[in-house]
Amino acid sequence: GLTTGAGTKVDITLKLAQLQNLVKRDPSGYREDYEAQIQRLKSECGILTIAPQGVVDPATEELIQFAAATASSSYKGKESNRIAAILIGLLVGEEPDIDEEDDDEDELKDNKNGPKTKKNTNKNMHNNKQLHTMTTMLPSAALQLPRDVRKTCVSALILMRNKGALEPLRLLELFFRLMAVVPDKTLREILYKHMVNDIRNINKKGKRDDKVNRAIQSFLHRVVATHGQEKRGNETASALSCEENATDIAAKRATDMVCELYRRQVWTDDRTVAILATAVESKNTTVASRAMRFFLNIEDKMALDSAEKEEHQWDASQKINYHSFSRKTKTRINHVKRQIGNRNKQQRKREGVGTDDWMDVRDDNGVEIAKKLYPAIELLRDPSGLAESVLKRLKNPKSSIPYTNKLLMMNFVTRLVGNHELMLLNLYPFLQKYMGGHQRDVTGILAYSVQACHENVPPDEVYGILKTIAHNFVTERCSEEQIAVGINAIRAICSRVPSVLSIEDSKESLETNVASATFDVEAFVRDIAAFSNHRDRSVSIAGKSYQNFIREKYPTLLQGKNRGLKGSALHKQKTKPMRFGEQKVSHGVEGADLLLEYEGKRAAYMKEQERLEQQQEEEDNASVEVDMVGMADEEEEGEEAPDLVVVDPKEGAASATDGDNNDEDGGGGVEEDEEELLDLSKMTQDERNKLKAQISSTRIFSAGDFVKMKKLVEREERARRDPREAARRKRAIARGEEFDELSEDDFDSDDGDSEDEVRIKGAVNPDMIMAEAKRKRKSKAEKLQKILSGRDAFETKMRAGGSTNTEKERKKNFLMTKSGRRCRTKGRGKGGLSEKRGHGGMDGKKKQIGHEAKKRRRKV
C-alpha cells in the first residue's frame, strides 16, 4: 500500500524504471525489492520453458531488461552470473545452472577486476570443458520460444557483455548454438554483428588481450574442424540430419567471421590462417569454397577497403564548417583551423608531398608494397600437405563436386604451388585432361596452368603441357581466338620456366636427356614464332610477343632474319637461359666494380678539368700582363713596340724577346704521374668477380652508392642488349657528357613482372592470356585522359619564341576577320571533304576543304 511520513518510501515495485534508478543509487537498501522482481522473473521463465507457445505477458520483456541492467551495474558478480544463467536457460530451453554457494559481499564485486580465486579458476575450467563438448542441438521448447522474447533476451545478454558482466566465451558459445538452429534471420544478423564487434573491441589499441584471443580462436577452430561429426546413439535419423545441418551452419558462420576479422585487420596472425586452412579441408563444399576464396581474393578486398577509406577521408576533409552563421568564439576558430590543416594534410598526401623531413613509416610506399607481397596464403604452416589434400580430393572419381567448385580448387592448388614453389608433379598431367579445345572455361584452366609453373619445375613435366596446348589450340583447324590464347599461354609458361628453352649441345647430353630428344625445342619455337606473320591481327600480336620474348631469352633458337637488332647482339654474346638446377651465384654486391670504375674515371676527369681551368686562368693573366707591357713600350718607342711581342694562341702564353719569360714558361709545365685507370673491358669475368668480392668486403657503401650501382648495372645491361645504346654512350663520351649526373628517368627496368604479379605474387588473371582481337571501345573518361596527356606531351615540345600567326588570328575580334578571304571561303564545297587539285584531277593530289587542318592549340 501507499505509506507516507518522514523516513518512509513509496512502494513502487511495479514501476520497474523507477525501481531501476533507485537500485543504482542504493543497491543494499532496495535489495529486497530487487529479489522480489528476480523471483517473478524466474517464475515467468519457468512457465515459458514448460509452455513456450502460451500467452506471453508484455511486462515480461521489460522485466528481463530490468534484471540485466540492474545486475550488470549494481550487483555485478555472482548476481549477474545468476541472471545470465536464467536468460541462457530460457534461450536454450534448459533449467538454469545456478551455483547456490555462500553469498558474500566480495561476490558483488567485479570478478574481472578482482583477484582470481580457486573457485573462479574451477568455473573457467568448467566453461572450457563445456566448450569442448559443445552441441548445436536445442530442445523444441527453445525453438518454439516467441521471437520477441528471444530477441529481448539476446539484447539483455549483449547489454551485460558490454558492461563487462559476462565473459566473451560464454556468449560466443551460446550465440553459435542459436545461429545454427534459430530460423529468425534478423536475429542471426544481430548475433553475428555483435560477435564481430565484440572481438574488434577486445583487440582495440591498448585493450588487446592475447589470452582471450587464443581461447576464442581455439573455439572457432573446433567449430570448423568438428562440424558434421557429432552423433548420438539414441537419436533418430531425422535428428541426426538436423544436427549435421546445424553444425554445418555453425562452421559456415565461423568461417565467415574469421574472414571478416582478417579483412578488418583484427586477426592477421598465423593462427587465423590455420583456422581457414582447416576449413579448406572441410567435407562441406560451401565451407571449403568460402575458405579458398578467402585465400585467393583477400588482397583485392583489403586493397579496395584501403582505397575506399582514403577516398572517405578525402571527401570528409573537403567539407569545412566555417561557422559562418555562428558567433566567432575561440573554440570555433580553432575548430576551423584544424579542419583547414586536415584538408591541407590530405591534399599533400594525395599529391605525394611529404609533410616533414622525417617520413612517417605509415606513409612509406615500400612498407605498403611489402605488405601486399606477403598475403595470407604465405602464412600457411603446411602448404604442401594442404595442396596434396585438395588435389587428392579433386582427383577422386567418386566425389561429386560441381564443376565450378573444381575450377576453384584448381585455382587454389595451382596458386599454392606457384607461391610456395612446391613440387607437385602429379598436378600437371591432371591439368592436361582439361585442356580440350571445347572445354568449358578453358581459358581459366590455362591461366591456372601458368600459375602452377615456377623455376623449380622439371622441364620434362612442362613439355607435356606445351605439347597439349600446341596440339589443341595452336593449329590451323582452330579459330583465330583459340590460336592467340594458346600462344599467349605458351609464352607465359616459358617465361616462368625458362629452363624448357635450354637445349644440350653435346651428343652425350642428348643421349641422357630423353625429353630433349623427343621434344625438339628449336623447331617448336620457330613454329610458334612463325605466327607473327599471320593474317589475323590477334594471332600476329600473340606471335610477335612470343618472338620478342625469345629474342630476350634465347635468340639462337630463332632464324637470323627474326632475331632483330637486340636479338642479334644477344646472339653474339651467347645469351641463353640457365638449365634446370643451375643457380646464379653472386660474388659480391652487384655493380661494385662498375662503381669503382666510374669513380676513378670521374675523379680523373674532374682533375683534368681543374688543370685546364687553372691553365686558362694563367693564360688570361699572362695575356693581360703582356698587353700592359706592350702599351708601355708603345708609349716609349712608338710604332716599333708591336714587333717586340708575339702572342702564341696555341700555347696560351706570351712570347717576348726577353729570354726569362721563355724559361719560366718552359719550366712551368705540369708534370703529372698519370696513374693507370681501371678499365673493365680489358678484364675477364673471373677477374671482375674477384674485384667485386674484394670491394664488397673492404668498403662500406652508402645509400647513394647503392643507387649509383643500380643505375650503372642497368646502363651496362642496356648497352649489352641494345647496340644503339652502346653507340649512344660513345657519342655521349665524345661530347664530354660521360660523367653527367645519372637521371632517374633514364633507367626504367623492363624485366620486372606486371603490376598485378608484383602486388599479388603468383596470381594469374585469365584476361592476361586472352586474345586481343579488337580494340576495346574507350570510355569518355579514358578519351579525356588521352587528350590531356597529348596536350602535355605537345607542350613539352614547344618551340622557342612567341605565338604563331594562326594563334594570333584566333584571338582577333570577329568583326576584324569576318570580311577576310579565309572566313568568306570557309565551308564551301559541301559535296565532300576533299577534292582533287587541277583540271580533271590530273594532278592526282587531294586538297582538304571545309575544315582546314590547323595546329593544335596550346595553353595560354
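Predicted model: local features only at pLDDT ≥ 70, side-chain atom pairs only at ≥ 80, totals over all residues.
Visitor: What should I know before reading the values?

Guide: Local features here need pLDDT of at least 70 and side-chain atom pairs count only at pLDDT 80 or more, whereas totals for chains, interfaces and linings use all residues. Residues are numbered from 1 along each chain as its sequence is written, and side-chain values use heavy atoms, with hydrogens and water left out.

Visitor: How many residues does the largest nonpolar core have?

Guide: In soluble globular proteins, nonpolar side chains tend to be buried together. A nonpolar core is a set of buried Ala, Val, Leu, Ile, Met, Phe, Trp, Tyr and Cys residues joined through side-chain atoms within 4.5 Å, where buried means under 20% relative accessible area, exposed over 50%, and partly exposed in between (1.4 Å probe, protein chains only). Here the largest such core has 157 residues, and those with the most contacts inside it are Leu157, Phe176, Leu220, Phe295 and Leu501. Apart from it lies another core, of 11 residues, including Leu691 and Met709.

Visitor: Which residues does Phe176 touch?

Guide: Contact means heavy atoms within 4.5 Å. Setting aside residues up to four places away in sequence, Phe176 touches Met195, Phe219, Leu220, Ala250, Arg253, Ala254 and Met257.

Visitor: Is tyrosine 554 buried or exposed?

Guide: Tyrosine 554 counts as buried because its relative accessibility is 6%. Beyond its neighbours within four places in sequence, its contacts are Leu501, Ser502, Ile503, Thr575, Lys576 and Pro577.

Visitor: How does leucine 788 count?

Guide: Leucine 788 counts as partly exposed, because its relative accessibility is 38%.
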